[in-house]
Every structure is written in C-alpha cells, then in structure tokens.
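Hi everyone, thanks for making time for this. I'd like to walk you through one protein chain today, so let me put it up on the screen.

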Amino acid sequence: MKSPVPEFAIIGHPNEGKSSVLSTLAEDDSVRVSPIPGETVIRQAFPVRIDGREIIRFIDTPGFQNPRQTLQWLNAYQGPEEAILSAFIVAHRDDPAFHDDCELLGPVAEGAGVIFVVDGSRPLRHVDRAEMEILRLSGAPRMAVINCKEEESSFLDQWQNEFRKHFNAIRLFNSCQANYRQRIDLLESLKAIDQRLAPVLQAVVEAFQDDWELRNQRAAAFLADFLQEALAYRQTVPCAPEDEQQRRQELHQAYCGQVAALERRTREAIRGLFKHNIFDLDLPPQSILAEDLFSRKAWEFLGLREWQVIVAGALGGAALGVGIDAATIGTSFGLFSAVGGLIGAGATALKGKDILSGVRLLGMRMGHDQLQVGPVANIQLLYILLDRGLLFYAHVINWAHGRRDYERMAHPVPAAGKGGFTSHWNREQRAICDRFFQAVRKGHEGELEEASVALQDLLRDQFVDIAEDRLPAGVSGEPPA
C-alpha cells in the first residue's frame, strides 16, 4: 500500500451490501444505505480516527458498470502487469460507459486492498466471475466477504468454491447484525490477505480494542453518575396540611419527569460514545425501554413478579434495615421473621394502587408545614435503572451501523420472559449495589466515591459479557433480526 494508513476499497455489484459493510466496519452510520441499485456513483473515503489519529481508511465505490468489457480489455493488455489498472483508467476515463469501473478501480490502482462484497442469498452468475477475475488481475491484496443478508445458505458452497480461486481470504459477515466481536474478527482476518499488512493491521485491531475499553469506562461513569443523581433526589417544599395529598402527587410527577430527563441525557451520551449519529432514540411502543420506568409492566418485566412488586412498594426503606431487597423475597426465609407481618399487611393494602409512588418510593415526610422528599427509599428503583441502562447499552453496541430497520427494534427478551440482567446477579454483585444505594442515601462523599468505583467496575464487567455474548442462560443482548 502506498498510503501510510491502510486503505481498503469496498467493491461489489450494485445493491450487494457494500455500503452496509462499510458503515459497519467504519462505525459510521452517515454512509448512505439504500435498497436502490447504483446509489453510490463516485468513490468516497471514510477514515476511522481514534484520538484524532487516522488508523484505517475504507473507500466506498460504485458497483461494476461493464465488467465483461472491462475484463476483455484487461486480458488483451500487453503492458507491465503493475500498470494494468492505471492503463485501463487512462484509456477509459472519458468514456461514460466505463465511468463506474474507472471510479471503483482507481483506489486499487493507487494501492488500496480490496474487500469484495457479494450477497450470499443469491446464486453465482457469469458476471460475478468476470468481476472476480478483474480483481485477481489487479494483484491487490483481497478478501471476499459473503454478506449474508438473509438466512438463505444454499448458495454458500458455490460462492466459497469460486472465491478460493480468486481471493486470499473469505469471510461470512452479516453487516446488518454484526456486533463488536464480529467486527474485530473481520479486521483480524484482513491480516491474512498479505503478510506485509499484518503488523500495521495488528496495530489497528489493538487501537480498536483500547478505544472500546475506554468507551466502556466512560459509559460506566455516565451510568453511575445518572444513578447517583436519580437516587439522591431531595426536596423540601412548604405545604399546608390540607394540601398534602395534592403536593405529594405533584412532587412525585416532578420526580418522574426529572429521572426520565436524566435517563434520556445518559442514553444520548452513551449513544455518542459508540458513534451512532442517527440511531433512533424514539423507541417503539413494544420496547420495554419505551415503557414508563415507574410502571408495573416495567418492574415486572425487568425481574420482579407481581407479588414481589407489591411487596417492594410495601417495604420501601424498611427492607434496608435488614439488608434485603424485593428480588430476594421468597428465597430468604429469614425475611418473614425479620419484618413480621409487614408483607401481608402491605400487600393487601397496596393491591391495585400506585405502589411505586409517594412515601414508598421517595420517602416523603410531612412535618412543620413542610413536605420533605427523598432520598429514594426503595432499592428496587436502582435495579430497574441498572437494567434499563444495560438494555440500552446492549441495543447500542449490537445495532450495526449499517442497519436501518429501526421499526423492528424491540428489547432483548430472555427465554423465561424476563428482560432484567440484574436478576441473574449473585450475592456479591448485589452487595455492591446495596453499598452504593446506602452510600447515596447517607451522602458521605468518601464512602460514595468508593461505592461508585465498585459499581463502575461491576458495570464494565457486564459490558464485556454483553459484547462478548457471555450472558447468563436465557438472556440475549442482541436486538431482533
């Protein structure tokens, strides 16, 4: 390669998924992805930068326009082999019939490697063989990518057998479902197409991995800051006794609005970390992330059965005194003797009511004509906010940059019907959450800083498990296909 930065031209027949592959590899959703054949008419470079330094460059190209005639000219060429593409471009650059062919072969003539993309759901055609032979004659380092846009696999053997004759490496890759691990694997495979490229591409892979770790650190910090601000909410307002009920409702609504705004801000920050510029944040109604976080449906979906939700509302801050939370109810027999008849009485009283508001959530207290609100008294809110944050993280990192079908976005759903990550956490992990919750309630700066660091470490571990598909049995972190 002539450029000090490794370059790869993304080449293929119109409407084969070239732009989707490019968008996913470059983590750039500004690449125009369209179902209309021939949308790309001029080549365009998409540099990948980390910390302001360009580490690799992908080039979007038009599809082949006249591959048979192009191959015929190349087979008749009598000059130096290394100049074959440059000579073709000089001979045809003013001919409109070969505009696209000259445009796509330009970066290859200048030293770029080739990533040739085909749609593996269709059969091999004679024109495909012509395109492959053109690229073989170029002498460029080249990889064939079978973009499996559909589940159809009956033609894969046909494609792979033909590719072995023309390319240095072959990869199966679904550009609309590729996650972080699969992108790294594809970049790793590029090292095999030319031994001279291996050292520089290894540096590219390491830069991607280091940058990913930094993004996870920042995402964990964003989430921890959001949780602290949401749970530490405190407010004291004047309140006459006869206005207490109305003011309670107003303060609860204000708090819900505040937390929702904080959650949106945090999502925007995480979305930006992972370079989603047009990822649709207006989640569809079927997504649990679009659900009101204080609704019964959200709490039950994210790990609590109906009776546990009711008990969570009944216990509120009382459970904290004995070191339990509602998710452990039913597994710890000591709970019943610890809180006496509170569960039965609370569950009966709260049936059919708004169990996640007022005193049971925010610890509202009335005294001296003042209504005091906060901090949050129910630890289950912490777990709900954690689950929603982890679900959103899973959406963002697993939503390929080349994917555009936002209307199909839903939520990761475990086989058992619960979508919460935290319901699978062990005692040690939940103890970290409990210490964080207690520290927020107390407001001791040193203790809170230490608890926040431990929570961020836990979140980063979860991020790695999500990215590496190491989730508990029954939990899926990927958006639906």
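Let's begin in a loop: Lys275 sits between helix H9 (244-273) and helix H10 (296-301). This is a predicted model, by the way, so please keep that in mind throughout. Lys275 is not a glycine, yet its phi is positive, about 65°. Is Lys275 buried, exposed or partly exposed? With a relative accessible area of 25%, Lys275 is partly exposed, given that buried means under 20% and exposed means over 50%.

There is another residue of that kind in the loop between strand E2 (44-50) and strand E3 (53-60), namely Asp51. Its phi is near 55°, again positive in a residue other than glycine. Asp51 has a relative accessible area of 73% and is exposed.

Let me zoom out for a moment. The protein chain has 17 helices and 9 strands. Of its 481 residues, 54% are buried. And if you take the contacts between residues at least 6 apart in sequence, 75% of them join residues at least 24 apart.

Now for some helices, starting with H1. How many of the 9 residues of helix H1 (residues 18-26) are buried? The count is 9 of the 9, so helix H1 is largely enclosed by the rest of the structure. Among those buried residues are Lys18, Ser19 and Ser20, along with Val21 and Leu22. Just after H1 comes Glu27, with a positive phi of about 50°.

Next, a pair of helices. Helix H2 (residues 67-76) and helix H3 (residues 84-92) have axes that come within 11 Å and cross at roughly 120°. H2 and H3 are therefore oblique to each other, and H2 passes H3 in a right-handed crossing. On the H2 side, the contact is made by Thr70, Trp73 and Leu74, and on the H3 side by Ile84, Ala87, Phe88, Ala91 and His92.

A quick stop at a strand. Ala169 lies in strand E6 (residues 169-173), and at 13% relative accessibility it counts as buried. Leaving out residues up to four places away in sequence, Ala169 touches Arg142, Met143, Ala144, Ser189 and Ile193. Ala192 is 23 residues from Ala169 in sequence, with the two C-alpha atoms 6.8 Å apart.

At the start of H16, a side-chain oxygen of Asn426 comes to within 3.1 Å of the backbone nitrogen of Glu428. After H16 comes Gly443, whose phi is positive, near 75°.

Which helices do the buried residues of H16 pack against? They pack against helix H8 (198-231), helix H15 (380-398) and helix H17 (445-467). The buried residues of H16 include Ile432, Cys433, Phe436 and Phe437, as well as Gln429 and Arg430.

Those neighbours pack against one another too. Two packed helices are described by the angle between their axes and the distance between the axes. For H15 and H17, the angle is about 40° and the axes are 10 Å apart. H15 and H17 are therefore oblique to each other, and H15 passes H17 in a right-handed crossing. In this contact, H15 residues including Leu386, Leu390 and Tyr393 meet H17 residues including Leu455, Leu459 and Phe463.

For H8 and H17, the axes come within 9 Å and cross at roughly 130°. That makes H8 oblique to H17, and the crossing of H8 and H17 is right-handed. Here H8 residues including Trp212, Ala220, Leu223 and Leu227 meet H17 residues including Leu448, Leu455, Leu459 and Phe463.

Not counting residues up to four places away in sequence, Leu458 touches Trp425, Gln429, Ile432 and Cys433. Of these, Gln429, Ile432 and Cys433 are among the buried residues of H16. And Leu458 has its C-alpha 8.7 Å from that of Ala220, 238 residues apart along the chain.

Terms used:
Residues are numbered from 1 along each chain as its sequence is written. This is a predicted model: local features need pLDDT of at least 70, side-chain atom pairs count only at pLDDT 80 or more; totals for chains, interfaces and linings use all residues. Side-chain values use heavy atoms; hydrogens and water are left out. Buried means under 20% relative accessible area, exposed over 50%, partly exposed in between (1.4 Å probe, protein chains only). Helices (H or I, at least four residues) and strands (E, at least two) are DSSP runs, numbered from the N terminus. Contact means heavy atoms within 4.5 Å. A polar contact is a pair of N or O atoms within 3.5 Å; within protein, one must be able to donate a hydrogen and the other to accept it, and residues adjacent in sequence count only if both atoms are side-chain atoms. Axes are lines fitted to C-alpha atoms, for helices over the stretch in contact, and angles run from 0 to 180 degrees between N-to-C directions. Angles under 35 degrees count as roughly parallel, over 145 as roughly antiparallel, 65 to 115 as roughly perpendicular and the rest as oblique. A crossing is left-handed if the near helix is turned anticlockwise from the far one by less than a right angle, and right-handed if clockwise.
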